[in-house]
Structures are given as C-alpha cells and as structure tokens.
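Subject: Structure for you to look at

Hello,

Here is the structure I promised to pass on. Please open it before you read the rest.

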Amino acid sequence: MQRWWSVRSAMKLVAVLTAALPALAMSAAAGEGGEPTVGLDKLLRIPPSVQFEPTRRGHSTKTEWRDRFDEADSDLVRARAKLAETQAKLAEIGSTSSAWTMGAPGLSSVSRDKAVEAPLDQGLSVEMRNRRAEVERTERRRAELEVEANLANLPDDWRGTPKPQDEEAQALR
C-alpha cells in the first residue's frame, strides 16, 4: 500500500511541474533581457508558411513521374515526326506520278473513293500504316499514363518537366 501511494504522489508531482514549467520559463526569460517571450505552445506548433509535400505518389517519386511523362512525350513527338516524314515521301511520289486503278470490264468494283486511296508505292503504304499504328500506340500509352497519374492524385508540376513557354504562360496568369 505504501508503494502505491508513492507512485501516485510522484505522478501528481510530475503533472504539477509540467504545468508550471512553461510559466516559469516565460517569467525567467522576461526577467533576463526584457525581450518578448514566445510561449511553449507557439514553439511546438509548425508555422503555417511551412508546406510539406509527399515524397512519393503512386509508388514513384517526383523525378520518376517527370521522367515517365518526358519519355512518353518524346516518344509521341518522335512517332508523329516519323509519320509526317512518311506522309511527305508519299506526297512527293504522288505529285510525280499518276494513280491508275484497274478493274474487270463491266464491273464497278473500283469506286472513286478507292481510287483516291489506291497505293502509289506499296512499301510506303505499308510504312504509313505502321507509322499510324505507332502513333496510336504512343498516344494510348500517354493517355494511360495520364489516367495512372490522375488515380495517384498527382499534382501538375509532377507531370513532366515544365517547358519554357509553359512558365511564361503561367507568369501571365
């Protein structure tokens, strides 16, 4: 019984000292230099100007997300450039030659629409089809990355490296 009373009294003593310590510290600080004192409750609070940003979202860091978006964007630009190059080659061949379409006599199997789409160069036609499929694949991958970023609640500044014209546009806002 004696032991229980001593633990209880020690707990009371700790509680009283804990409550009185901030008041003692403030009065001692005010008495020393006459400078304004800051309360303990203010010291233990995080200032509102400090903003914490999570280091990872969706199992990736900010730099990993930016790298993924930059890679997807550069792949898309590269695929579109290759498609434009192939289209230019096909247009060049189309301007120098004439398209002839043939069909069986008496059958109207060749319509005007098919005559316009008739391949001038079979190799370029296949290459054009492959380039269009590549552009569609890269656009789909970029859209999937955007969906994944939306599900991870990714901020806009994590979605690729900011471009100089983007910074200028944001400065105007």
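Below are my notes on what was found in it.

This is a predicted model, in which local features need pLDDT of at least 70 and side-chain atom pairs count only at pLDDT 80 or more, while totals for chains, interfaces and linings use all residues. Residues are numbered from 1 along each chain as its sequence is written, and side-chain values use heavy atoms, with hydrogens and water left out.

The core

The largest nonpolar core has 8 residues: Trp-65, Phe-69, Ala-72, Leu-145, Ala-149, Ala-152, Leu-154 and Trp-158. Such a core is a set of buried Ala, Val, Leu, Ile, Met, Phe, Trp, Tyr and Cys residues joined through side-chain atoms within 4.5 Å. Buried means under 20% relative accessible area, exposed means over 50%, and partly exposed is in between (1.4 Å probe, protein chains only). Helix H3 (62–96) and helix H5 (122–151) each supply at least two residues of this core, and the largest share, 3 residues, comes from H3. Helices (H or I, at least four residues) and strands (E, at least two) are DSSP runs, numbered from the N terminus. In soluble globular proteins, nonpolar side chains tend to be buried together.

Ser-60 sits in strand S2 (residues 60–61) and is buried, at 9% relative accessible area. Leaving aside neighbours within four places in sequence, Ser-60 is in contact (heavy atoms within 4.5 Å) with Thr-55, Trp-65, Arg-68 and Trp-158.

Thr-138 belongs to helix H5 and is buried, with 5% relative accessibility. Not counting residues up to four places away in sequence, Thr-138 touches Asp-75, Leu-76 and Ala-79. A polar atom of the Thr-138 side chain also lies 2.9 Å from the backbone oxygen of Val-135. Ala-133, also in helix H5, is partly exposed at 29%. The C-alpha atoms of Ala-133 and Leu-83 are 9.7 Å apart, although the two are 50 residues apart along the chain.

Salt bridges

How many salt bridges does the structure hold? There are 12 salt bridges, each a side-chain nitrogen of Lys or Arg within 4 Å of a carboxyl oxygen of Asp or Glu. Side chains of opposite charge can pair when their charged atoms come close.

- Asp-157 pairs with Lys-62, with the closest N and O atoms 3.4 Å apart. Asp-157 is in the loop between H5 and helix H6 (164–172) and Lys-62 is in helix H3, so the pair ties together parts 95 residues apart in sequence.
- Asp-73 pairs with Arg-142, with the closest N and O atoms 2.5 Å apart. Asp-73 is in helix H3 and Arg-142 in helix H5, so this pair ties together parts 69 residues apart in sequence.
- Arg-141 pairs with Asp-75, with the closest N and O atoms 4.0 Å apart. This pair links Arg-141 in helix H5 to Asp-75 in helix H3, 66 residues apart. Arg-141 is partly exposed at 45%, whereas Asp-75 is buried at 19%.

Salt bridges that share partners also join Asp-73, Arg-142, Glu-146, Asp-156 and Arg-159 into one network.

Val-38 lies in the loop between helix H1 (2–33) and helix H2 (40–43) and is partly exposed, at 47% relative accessible area.

Regards

Methods:
Polar contact = N/O pair within 3.5 Å; in protein donor to acceptor, adjacent residues only side chain to side chain.
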